[in-house]
There are 2 protein chains.
Amino acid sequence: MQGTQTRYSQLFGKTLRNFPTDETSKNAKFLIKAGFINKRIAGVYEILPLGKRVVSKIENIVREEINAIGGQEVSMSVLQPKELWSETDRWEKLKGAMYQFKDSSGKDVGLGFTHEEPMISMVRERISSYKDLPIYLYQIQSKFRDEPRPRSGLIRGREFLMKDLYSFTTSKEELDKYYEIVAKAYKKAFDRMGLDTVYTEAAGGVFTNENTHEFQVLTDGGEDTIFHCENGDFSENKEIAKVKEGGKCPKDGGKIKESRGVEVGNIFRFGDVMSKKMNFNFKDKDGKDKPIFLGSYGLGITRSMATIVEVHSDDAGIIWPETVAPYKIHLINLGGEKVRKESDSIFDKLCNDQVEVLYDDREESAGVKLADADLIGLPERWVVSEKTLKEDSVEVKKRSEKDIRLEKISSI
Amino acid sequence: MQGTQTRYSQLFGKTLRNFPTDETSKNAKFLIKAGFINKRIAGVYEILPLGKRVVSKIENIVREEINAIGGQEVSMSVLQPKELWSETDRWEKLKGAMYQFKDSSGKDVGLGFTHEEPMISMVRERISSYKDLPIYLYQIQSKFRDEPRPRSGLIRGREFLMKDLYSFTTSKEELDKYYEIVAKAYKKAFDRMGLDTVYTEAAGGVFTNENTHEFQVLTDGGEDTIFHCENGDFSENKEIAKVKEGGKCPKDGGKIKESRGVEVGNIFRFGDVMSKKMNFNFKDKDGKDKPIFLGSYGLGITRSMATIVEVHSDDAGIIWPETVAPYKIHLINLGGEKVRKESDSIFDKLCNDQVEVLYDDREESAGVKLADADLIGLPERWVVSEKTLKEDSVEVKKRSEKDIRLEKISSI
């Protein structure tokens, strides 16, 4: 990540005067106007320096939580050979959703849509004994989906950053146990980045009879319909009081439509389904071949950034939680030469103290600078003006609060 | 990056018994056998946990050096629209080299081969005044090239990690000045990662009359032919005593074929060529439109890793420079229960001290463990055995040296 202090005059990606006209979602409108992202084509965005800092912070939170549960970081390829994906029939099944094309030599190539097949192939080549298991591998990487109608800004795009974790275990019991561990780690990661998630049951699809679970953030900006279970018996899993469209309430209780949600994470037990298709076995203590049990766990990095904007914002702009804010302090000088000098020295002081600070040192009106600060949404705004200097102070305001207080410069 | 301490028994990506049969380059053979990378298809590799640690260290060195010269980190998209690349005619020119295909809606899409066009487009949308310049933007991202004959392992692949930096300046003079600054930063970055580079002149190709420069590492594993200039007058640029095939010696001096090299970095002055094609201007102090001058600077991240292996290795394996080694110490226990206990406590001590250590705690023979240590190539090997414990010591050997010394356990 770049230095922890930046002069706004030198930052690439300043605020735009207007909202983009071709976006409807709150996250895309704010992130583009505030200078965090740039649209390349529908569903494909570039990350500007401010956005890159947020993404890095989200990545690091996720990395810490996944390392803490034994995850080992790898990096898979984007380019995928057809042969591998034919082992599970997914080359055919994903037609139209996975980018598939021929390279210059005529070979069929696909772009990483998800990575179960290459992960299994890689582990299959290098692991054969129960002694080498369990293994938990993850990566943080761009995924590609040939989305016909990209929408909701960074929430449903064609290219997006994801953390995907895969667990390789010797039994269903071991898989179930790790599945719960991942669920807890996800909850913690989302909590840390300021996302209040509900643990939601969803249908498993064609690959498993097990239900899958999602981490949903309830917000008007969501795309998924979330139901509250009317009279379900939650004694078996108290946390699941919500299901997604297609999911079943426990004991077939009724479903009451409740709200919309953004799926920021999902966890999925493939069990031995993929292993049987791909001849993916280990030798147990008796030297007998048994299928390896697979779990797959996704967490959207850029989608999380977008969802944070959906839930942490007001009419004036974004309100970043401190843990993922690109900088902690938005320092603003309002006034002439004397104010500028004093602001410069406060900036230097904060730099020396390694505080993450964005210093708006431009010669712009108070209106522009204050509006930009609200739009960008750093946790604290520090204003230096002739008025505050009369009190030997800076004016400190939290983005999330209305109160303003004066803080003595000597105490900084 | 994952934790700084790892038990080898739990690491995914252990050494293989044999070299891969389908690789000829030293870097691919060693990196695959030692468990740093895995081959997906020709020219496409997956990075295993050990390799990921090396890549992260190289990335961080490069990031530090580029941040130090004002670089701001961004993240561009892999998916590229044809329209943009048609502005410079490069969509047509790169046919067969750039992956190009149609998405499900019939639109032409390409995969990021380099990023001048999207970078210019992004800056063009957000910058218009001389006040906003100069700007230096970079990213660390996978690049894609539809290489018909991928070869030399990670040196010439279809998908590889690159740091690409772009400078946007108001004049040729400003560009020339920054060009020299980047050259120094590159030299420093390569020095830090243990690569001795020669600054080499190369032909500029169709986009510029200026010569371009490359950072070449001279090694038998290289693909480029490097010449020494026979009787050139180097007074104008003393550093350039080498040119690449196609490049010219100063004052048309003769060229003596010298060696082969790997191009780990290149720097390139587009000047205003791209800007004129893409209508990429800024307003100067008088409000007049002038073209923005572009510089483009590439540095291969995975190629650097491969080149380090080419030049830092012997018959037994890799010899990582300490700055990029995945761990500093390779701790090995050779012996029974007592030795294991003592080794465990040394490992715990090193963990507490935040030393980066890989602990080979497997029940394998001394031969296997010592050979694996040589192959993996960490800077220091620490062996604990009954013999060393008699001296209350561990046996310490640097991978790059023959000498062995005993170090008292109490002094660790």
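In the predicted model, the contact between the two chains draws 42 residues from chain B and 42 residues from chain A. On the side of chain B that touches chain A, at least two residues each are supplied by the strands β2 (37-41), β3 (44-47), β4 (72-73), β5 (79-81) and β8 (135-144) and by the helices α2 (49-68) and α5 (116-126) of chain B. Classified by residue type, this side of chain B comprises 20 nonpolar, twelve polar and ten charged residues. Of the interface residues of chain B, 98% are also interface residues in chain A, so the copies meet through the same surface.

The buried residues in α5(B) are B:Glu116, B:Glu117, B:Pro118, B:Met119, B:Ile120, B:Ser121, B:Met122 and B:Val123.

A further helix contact was found in chain B. The axes of helix α1 (residues 26-33) and helix α8 (residues 301-311) of chain B come within 8 Å and cross at roughly 100°. Because angles of 65 to 115 degrees count as roughly perpendicular, α1(B) and α8(B) are assigned to that class. From α1(B), the contact involves B:Lys26, B:Asn27, B:Phe30 and B:Leu31, and from α8(B) it involves B:Ala306, B:Val309 and B:Glu310. By class, four nonpolar, one polar and two charged residues make up the contact of α1(B) with α8(B).

Eleven helices and 24 strands are present in chain A. The C-alpha trace of chain A spans about 80 × 60 × 45 Å along its principal axes. Of the 412 residues in chain A, 49% are buried. When contacts in chain A between residues at least 6 apart in sequence are considered, 68% join residues at least 24 apart.

Chain A contains an open sheet of six strands with mixed pairing, in the order β1-β21-β20-β22-β23-β24. Its edge strands are β1 (5-7) and β24 (404-408) of chain A, each of which pairs on one side only. On average, and with direction ignored, neighbouring strands of this sheet are turned by 25° against each other. Within the sheet, strands β22 (residues 380-385) and β23 (residues 393-398) of chain A run antiparallel and are joined by four bridges. A:Trp382 has A:Val396 as its bridge partner in β23(A).

Two helices of chain A accompany this sheet. Helix α9 (residues 337-352) of chain A packs on the sheet and touches β1, β20 (329-334), β21 (357-360), β22 and β23 of chain A. The direction of α9 makes about 160° with that of β20(A). Helix α10 (residues 366-376) of chain A lies across β20, β21 and β22 of chain A, and runs at about 175° to β20(A).

Conventions
Residues numbered from 1 in each chain as written. Chains lettered and ligands numbered in written order. Predicted model: local features only at pLDDT ≥ 70, side-chain atom pairs only at ≥ 80, totals over all residues. Contact = placed C-beta atoms within 7 Å. Nonpolar A, V, L, I, M, F, W, Y, C, P; charged D, E, K, R; others polar. Buried ≥ 20, exposed ≤ 12 C-beta atoms within 10 Å, placed from the backbone. Pairing = 2+ DSSP bridges. Axes fitted to C-alpha atoms, helices over the stretch in contact; angles between N-to-C directions. Parallel < 35°, antiparallel > 145°, perpendicular 65-115°, else oblique.
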